[in-house]
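Dear colleague,

Please find below the structure for your review. My findings follow it.

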Amino acid sequence: MKRVFLQFYYLPPHSLLTPYYAVQNGFSSVLEDCKQAGEVMWIEYNIASTIQETLKLQGEFKLPAKADEVFVSCWLYTQLYLVYLWALKYPEITFIVGGPTVRAAPPILLFNLPENMVFNKGLAEEIFNRKPNPTTWRIEPLPKKDLLPMYTFYISGTCYWEQSGKRCSFCNYSSEDKREFDLDTLRKYAIPGTVYLWSPSFSPSDIKSILPKLPYTDTYNYFLFIRGGIGEMKAVQETLPRVTKPENLTWYLGVEFPSKRILDNMSKGVTLDSLIETINTISSFGCKIILSHISRWPDLKERDLEDASYFVDRVNIENVLHRFKPLFIKTSSNLEKEIKGTSISYGPFFIGYVPTLTSEQEELNKKVIRIFKDKERVVSDCSYIKDLYAY
Ligand code: SF4
């Protein structure tokens, strides 16, 4: 029996930091098991701005290696679709698919998968019938050497906000993954690059207990997600003075839309002022911050734009990048009950809707981005990129 384990990496098309390879090291917790059972391969995944172009770049759906069983870790819906196309093209091979698209935010199946494509909704450890062990995490260098990678180190699989029953309305993330992690293992086996500290959202207690204990050297930087709630703000204020190299941290913070009305409607649990204070504290320590804004809302009001102006006038400029991406209504999110639009599916996988906007709403949404640009904020505007929801 020949087995292959495939992990993707790609050059993000709209890189927000220094160019890097995004590495989806889904088999890191079982890397040695995979090597003993078969061959572990990286596969370069070239992302274009539409799914058709993306798939064309994959060399007409050619599978990088033949085997009886191919295990794939899928983090993007377009990758899931690619595996589906492989399963149709290679009926003699069984494809076992895991990763976040299968475990934490699975698409709705419109029709049956081919018999040779199966989902592993459990952890990678289940392939080997063993329990998770935080000391087995490993990462191998990529075939590419010209750019540094950003790779994932597991911190938490659950979102503490979702677990408290207050999930953000646009989100469909749900996972019960409660593995342990071991910072000594990271210290021993990290490779140069950026370590993406994987947690859907660092809680205030994660911020306080983990960040001061990270190994800080010149060879690796860290990337993490947070909300901008009052708890996070206090944790950041208390913790950053204890971090030896705060400039090695890049924070990704979901602003979503800086208006009291929209933040309240989406159960984000943050206020404009807690957002502003969190951002300004992080920025004052020399950390980098990427602020994620959702654009292309179908129901903006003038008072939302007034709040956006209030926000822009108060957030620091230094080390802050504002990234706009289009609203995508995911299946099983609370927003799905409120807004509908054009449905999007890839083969058997239905993933959600793109909202329909009136011309007046189109204009209001563009005005929001102009507010940021006119005040000379650094803006990365991806609001009109097709298929952005796919990666
Ligand atoms: S958007 Fe982030 S913070 Fe909100 S529920 Fe989803 S994972 Fe949690």
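The ligand is surrounded by Cys159, Trp161, Glu162, Arg167, Cys168, Cys171, Tyr173, Pro200, Ser201, Arg227 and Gly254, where a residue is near a molecule if its C-beta atom, placed from the backbone, lies within 6 Å of it. This shell has 6 nonpolar, 2 polar and 3 charged residues; Ala, Val, Leu, Ile, Met, Phe, Trp, Tyr, Cys and Pro count as nonpolar, Asp, Glu, Lys and Arg as charged, and the others, Gly among them, as polar.

Please note that this is a predicted model, in which local features need pLDDT of at least 70 and side-chain atom pairs count only at pLDDT 80 or more, while totals for chains, interfaces and linings use all residues. Residues are numbered from 1 along each chain as its sequence is written.

The domain assignment of the protein chain gives domain 1 (3-128) and domain 2 (134-390), with bounds that come from an automatic or database assignment. Their C-alpha centres lie 24 Å apart. To the contact, domain 1 gives 35 residues and domain 2 gives 39 residues; two residues are in contact if their C-beta atoms, placed from the backbone, lie within 7 Å. On the side of domain 1 that touches domain 2, helix 3 gives the most, with 5 residues; helices (H or I, at least four residues) are DSSP runs, numbered from the N terminus. That side of domain 1 divides into 26 nonpolar, 7 polar and 2 charged residues.

Yours sincerely

Definitions and conventions. Helices (H or I, at least four residues) and strands (E, at least two) are DSSP runs, numbered from the N terminus.
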